[in-house]
Amino acid sequence: MSGDSEEALLLRDPRLQQAVSLFNTASWYACHDGFEELWHETQGPMRPVLQGILQIAVAHLHLERGNQRGATILLGEGLGRLQPCGDAALGLDLASLRACVSTRLAALQSQAPLEHLALPVLEPAATPSVD
C-alpha cells in the first residue's frame with residue numbers, strides 16, 4: 001500500500017525524529033522548519049498528519065509572540081487536520097496530542113490562562129499487542 005510505504009519512509013527519515021524532538025522541547029520555530037520540509041515532500045495520507053502537527057507548532061510560536069488570535073485559529077486548524085487521522089500515525093500517539101490541544105484550545109477560546117496547562121508533546125504510540 002502506498003500509505004504504508006509513505007509512513008515507513010517517513011519513519012526512517014532522521015528529520016522526522018529531529019522535528020519530534022524539537023517539538024517536545026518547545027523549540028517551535030525549529031520544529032516548524034523540520035515538519036514543513038517533510039510536509040512539502042509528502043503527497044499521500046501522511047500529509048495531513050504532518051500539516052496538523054506543523055500548525056500546532058506554529059500556534060505555539062504565535063503564543064510565544066503574544067498573538068492569541070493566530071494561535072487560536074491555528075490550534076483549531078491543526079486539531080481539525082488530525083481528527084480524521086486515527087489515534088496513531090508516524091509512530092505517534094495522536095489521541096493524546098488531540099486531547100492536550102483540545103484543552104489548550106478551549107482555554108484560549110474562553111480567554112482562560114494557559115500557564116497551568118501542559119504543553120503538547122509527541123508521545124510514541126502504544127505498540128499493538130501481539131496475540
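In which hand of crossing does α5 pass α6? The crossing is left-handed. The model is a predicted one.

## Helix α6

Helix α6 covers residues 94–109, 16 residues in total. From its first C-alpha to its last it reaches 22 Å, close to the 22 Å expected at 1.5 Å a residue.

Buried positions in α6 are Leu94, Leu97, Arg98, Cys100, Val101, Arg104, Leu105, Ala107 and Leu108. The elements that cover them include the helices α2 (14–24), α4 (47–64) and α5 (68–82). The strands β1 (88–89) and β2 (92–93) are also among the covering elements.

## The ends of α6

One of its side-chain oxygens comes to within 3.2 Å of the backbone nitrogen of Ala95.

Just after α6 comes Gln111, with a positive phi of about 60 degrees. Gln111 is a residue other than glycine. Its relative accessible area is 72%, over the 50% cut-off, so Gln111 is exposed.

## Packing of α5 on α6

The axes of α5 and α6 are 10 Å apart, and the helices pack at an angle of about 150 degrees. That angle is over 145 degrees, so the pair is roughly antiparallel. From α5, the contact uses Gln68, Ala71, Thr72, Leu75, Gly76, Leu79 and Leu82. From α6, it uses Leu94, Leu97, Arg98, Val101, Ser102, Arg104, Leu105, Leu108 and Gln109.

Several of these α6 residues, including Leu94, Leu97, Arg98 and Val101, are buried. Arg104, Leu105 and Leu108 are buried too.

## Packing of α3 on α4

Helices α3 and α4 form another pair. Their axes come within 9 Å and cross at roughly 155 degrees. This value is also over 145 degrees, so α3 and α4 are roughly antiparallel. α3 passes α4 in a left-handed crossing.

On the α3 side, the residues that meet α4 are Trp28, Tyr29, Cys31, His32, Phe35, Glu36, Leu38, Trp39 and His40. On the α4 side, they are Arg47, Leu50, Gln51, Ile53, Leu54, Ala57, Val58, His60, Leu61 and Glu64.

Ala26 sits in the loop between α2 and α3 (28–41). Its phi is near 60 degrees, a positive value in a residue other than glycine. Ala26 has a relative accessible area of 24%, between the 20% and 50% cut-offs, and is therefore partly exposed.

Note on methods:
Residues are numbered from 1 along each chain as its sequence is written. This is a predicted model: local features need pLDDT of at least 70, side-chain atom pairs count only at pLDDT 80 or more; totals for chains, interfaces and linings use all residues. Side-chain values use heavy atoms; hydrogens and water are left out. Helices (H or I, at least four residues) and strands (E, at least two) are DSSP runs, numbered from the N terminus. The expected span of a helix is 1.5 Å times one less than its number of residues. Buried means under 20% relative accessible area, exposed over 50%, partly exposed in between (1.4 Å probe, protein chains only). Contact means heavy atoms within 4.5 Å. A polar contact is a pair of N or O atoms within 3.5 Å; within protein, one must be able to donate a hydrogen and the other to accept it, and residues adjacent in sequence count only if both atoms are side-chain atoms. Axes are lines fitted to C-alpha atoms, for helices over the stretch in contact, and angles run from 0 to 180 degrees between N-to-C directions. Angles under 35 degrees count as roughly parallel, over 145 as roughly antiparallel, 65 to 115 as roughly perpendicular and the rest as oblique. A crossing is left-handed if the near helix is turned anticlockwise from the far one by less than a right angle, and right-handed if clockwise.
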